[in-house]
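Hi,

Here is the structure I promised to send over. Have a look at it first, and then read on for what turned up.

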Amino acid sequence: MSFTFRGAALLLAGMTALSACAQSAAVAAQPFTPMTVQHQLGKTVVSKQPQRVAALDMNEVDFLDQLGVPVIGMPKDFIPHFLAKYQNAPRVQDLGSIVQPNVERVHAARPDLILITSLQAGQYKELSQIAPTIQFDVDYRNSATRHIEVIKDHLLTLGQLFGRQDTARAKAAELDAKVQQARQATKDRPEKALIVLHNNGAFSSFGPQSRYGFVFSALGVRPAGPAADTGLHGQPVSSEFIQQADPDIIYVVDRTAVMERRAALDADSLGNPLLRQTKAWKNGRVVFVDAQAWYVTAASPTSVRIVIDDVLKAYRP
């Protein structure tokens with residue numbers, strides 16, 4: 001009886017293995033339909049499914065990570081904590097810096113697809129000679145318009161490129177749900193918020209037409225102060241500006257902590273007297289946000305979820 005049972009078990013295991021192999025072969029046998037991806041730098045034709053992908057921006061690394069797609073190379077100068085597993089990964093080559101990737105290293109990595117953002121746009125032509133290169137058209141200067149939609153569109157494009165459409169759609173739906181969670185929390189709330197960036201003791205603010213514009217337009221946060229165009233680097237914080245804005249909520253993005261790898265600011269170490277005079281400070285509604293998510297990325301599924309969680313901290317009782 002034991003021999004019969006063992007034989008049946010072995011037969012079943014063999015059949016299962018053959019079935020799995022057959023399914024894998026069927027997936028592998030599915031032909032890849034060449035794709036033309038339109039972006040602001042041009043049209044990129046991808047004639048075969050990419051197997052060796054170089055991602056030159058941390059947002060792009062997160063997209064691939066969310067889709068379960070391996071990356072063969074990336075800049076390793078400023079890797080956010082939620083992508084820390086790539087820092088010392090031996091199979092992931094260091095391709096230089098985010099702002100200035102090492103093109104020679106990119107070439108040596110032999111990618112068959114390169115993913116960039118506007119930060120690497122100046123090297124687009126050179127990179128395109130190495131492999132098909134696609135730019136993620138996120139606007140780092142003004143995210144007030146279609147920021148979430150641009151992220152979802154790119155997610156779905158990559159899902160199609162790598163045959164991960166179902167995963168991409170699921171991740172896009174998760175992002176939609178997270179945005180709706182934020183909008184529900186901010187709906188009809190009277191509080192006005194100010195986003196400030198700390199840089200070596202100096203502070204600048206970001207309004208609705210800036211790199212953090214989506215916090216106001218997509219998440220429903222009400223802006224404090226004048227709606228000046230603050231672009232990529234923000235508007236220097238002055239006493240007059242603070243007095244006029246007097247925000248109910250302040251989000252502090254500590255650039256210095258990221259760029260110089262210092263301890264992040266907190267309520268004890270924030271020494272700016274102007275910010276301490278605001279309603280936000282007096283009422284305990286100053287949020288020291290995850291600067292790696294806000295400053296290094298802020299345009300990928302994981303980073304946007306973290307940004308939203310930070311935003312919601314100011315709306316809790």
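Let's begin with the largest cavity, which is lined by Val 138, Asp 139, Tyr 140, His 147, Arg 211, Tyr 212, Trp 294, Thr 297, Ala 298 and Ala 299. A cavity here is a set of points on a 1 Å grid over the protein atoms alone where a 1.4 Å probe fits but cannot get out, and a lining residue has an atom within 4 Å of a point. The volume of the largest cavity is about 60 Å³, a volume being the space filled by probe spheres set on the points, with grid points joined across faces, edges and corners. Its lining divides into six nonpolar, two polar and two charged residues (Ala, Val, Leu, Ile, Met, Phe, Trp, Tyr, Cys and Pro count as nonpolar, Asp, Glu, Lys and Arg as charged, and the others, Gly among them, as polar). The whole structure has two cavities of 30 Å³ or more.

Before you go further: this is a predicted model, where local features need pLDDT of at least 70 and side-chain atom pairs count only at pLDDT 80 or more, while totals for chains, interfaces and linings use all residues. Residues are numbered from 1 along each chain as its sequence is written, and side-chain values use heavy atoms, with hydrogens and water left out.

Now the overall picture. The chain has 13 helices and 15 strands; these are DSSP runs numbered from the N terminus (helices H or I, at least four residues; strands E, at least two). Of its 317 residues, 49% count as buried, meaning under 20% relative accessible area, with exposed over 50% and partly exposed in between (1.4 Å probe, protein chains only).

Ala 298, one of the cavity-lining residues, is worth a click. Ala 298 sits in the loop between α12 and α13 and has a positive phi of about 70° although it is not a glycine. Most residues other than glycine have a negative phi. Ala 298 is also buried, with a relative accessible area of 7%. Its backbone nitrogen lies 3.2 Å from a polar atom of the Ser 303 side chain (a polar contact is a pair of N or O atoms within 3.5 Å; within protein, one must be able to donate a hydrogen and the other to accept it, and residues adjacent in sequence count only if both atoms are side-chain atoms).

Ser 303 itself is in helix α13 (residues 301-313) and counts as buried because its relative accessibility is 0%. Leaving out residues up to four places away in sequence, Ser 303 touches Asn 59, Asp 62, Phe 82, Ala 293, Thr 297 and Ala 298, where contact means heavy atoms within 4.5 Å.

Another positive phi, about 65°, belongs to Asp 188, again not a glycine. Asp 188 is in the loop between α6 and β8 (192-199), and at 71% relative accessibility it counts as exposed.

Finally, the second largest pocket has a volume of about 370 Å³. A pocket is an open set of points with protein on both sides within 12 Å along at least five of seven lines. Of the 18 residues lining the second largest pocket, the closest to its centre are Ile 98, Val 99, Leu 119, Arg 211 and Tyr 295. Helix α12 (291-297) is among those that supply at least two lining residues, and gives the most, with three. By class, that lining has 10 nonpolar, four polar and four charged residues.

Cheers
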